[in-house]
Amino acid sequence: MAPSYLLAALPPPELAARIQTFRAAHQLRDAAAVPHITVKARSGLLPELDWQANLREVVARHAPLPISVGGPRLFSNGTAVYLEAASVEGVDLHLTLLDALRPARFFGYEGPRLQLHLSLVLKRRGVELSELLTAAQTEFADLEREPLAFTARRITLMRKPGPGGIYAPLEEWPLLG
């Protein structure tokens, strides 16, 4: 199967390390192994990479993204435990990327109601999300009380080699300024 790509803002190293420690403590192995906040999911990001130059230009014209990361949540469809992420500018960048790409089809969660998030664990066989949500609420209680604010100054192109792989950084694209 062909590789898949996405565009993401990476959290500050200290938060990424906390997430990786949490994941290691619970022996979690899934595509979210490298902490990231997706601003453009894989729809329309074809293996031929002919979209890359166009989207790199879109990113270069967009202002940095103020992002706030809050406490743990469980998606209502039960697919993942995540840290809530909020950024009006991040959703704006997502919409601009979607408009520039104009994929023939895109995911139902893409568009103006995109829920930015930082995945902690994805639903898989043998993984009990309700238990992991409770553990995450304990581990990341400080973010529930006081969300972590940071500014993303670059967008990272990430690649997953195929099923069972992880999304890993491929290259960074600087935002305006």
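**First stop: a loop residue**

Select Gln27, which sits in the loop between helix 1 and strand 2 (37–40). Helices (H or I, at least four residues) and strands (E, at least two) are DSSP runs, numbered from the N terminus. Before going on, keep in mind that this is a predicted model, where local features need pLDDT of at least 70, side-chain atom pairs count only at pLDDT 80 or more, and totals for chains, interfaces and linings use all residues. Residues are numbered from 1 along each chain as its sequence is written, and side-chain values use heavy atoms, with hydrogens and water left out.

Is Gln27 buried or exposed? Its relative accessibility is 62%, so Gln27 counts as exposed. The cut-offs go like this: buried means under 20% relative accessible area, exposed over 50%, and partly exposed in between (1.4 Å probe, protein chains only). Now check the backbone: Gln27 has a positive phi of about 50° although it is not a glycine. Most residues other than glycine have a negative phi.

**Back into helix 1**

Which residues of helix 1 are buried? Colour Leu15, Ala16, Ile19, Phe22 and Arg23. Look down the axis of helix 1 and these buried residues fall within an arc of 125°, so they line one face of the helix. The arc is taken over the directions from the helix axis to the C-beta atoms. Turned away from that buried side are the exposed residues Pro13, Glu14, Thr21, Ala24 and Ala25.

What covers the buried residues of helix 1? The cover includes strand 3 (65–74), strand 4 (80–86), strand 5 (117–122), helix 4 (129–139), helix 5 (141–145) and strand 6 (148–152). Contact here means heavy atoms within 4.5 Å.

**On to helix 4**

Helix 4 was part of that cover, and helix 1 is in turn among the elements covering the buried residues of helix 4, along with strand 3, strand 4, strand 5 and helix 5. Pick out Leu129, Leu132, Leu133 and Ala136, the buried residues of helix 4. Seen down the axis, they fall within an arc of 105°, so they line one face of helix 4. On the other side, Glu131 and Thr138 are exposed.

While you're there, click Ser130, also in helix 4. Ser130 is partly exposed, with a relative accessible area of 41%.

Next, select residues 52–60 for helix 2, where Gln52, Leu55, Val58 and Val59 are buried. These buried residues fall within an arc of 125° seen down the axis, so they line one face of helix 2. Among the elements covering them are strand 1, helix 3 (88–101), strand 7 and strand 8 (168–174).

Arg61 is in the loop between helix 2 and strand 3, and at 57% relative accessibility it counts as exposed. Draw a line from Arg61 to Lys123: they are 62 residues apart in sequence and 36 Å apart in space, C-alpha to C-alpha.

**Another positive phi**

Jump to Arg102, in the loop between helix 3 and strand 5. Arg102 has a positive phi of about 50° although it is not a glycine, and at 61% relative accessibility it counts as exposed.

How much space lies in the largest pocket? About 1,200 Å³. Of the 42 residues that line this pocket, the closest to its centre are Ala41, Arg42, Tyr109, Leu122 and Tyr167. Strand 1 (4–9), strand 4 and strand 5 are the elements that give two or more residues to the lining. On a 1 Å grid over the protein atoms alone, a pocket is an open set of points where a 1.4 Å probe fits, with protein on both sides within 12 Å along at least five of seven lines; lining residues have an atom within 4 Å of a point. Grid points are joined across faces, edges and corners, and a volume is the space filled by probe spheres set on the points.

The second largest pocket has a volume of about 180 Å³. Its lining includes Leu10, Phe150, Arg153 and Glu172. Strand 6 gives the largest share of that lining, 3 residues.
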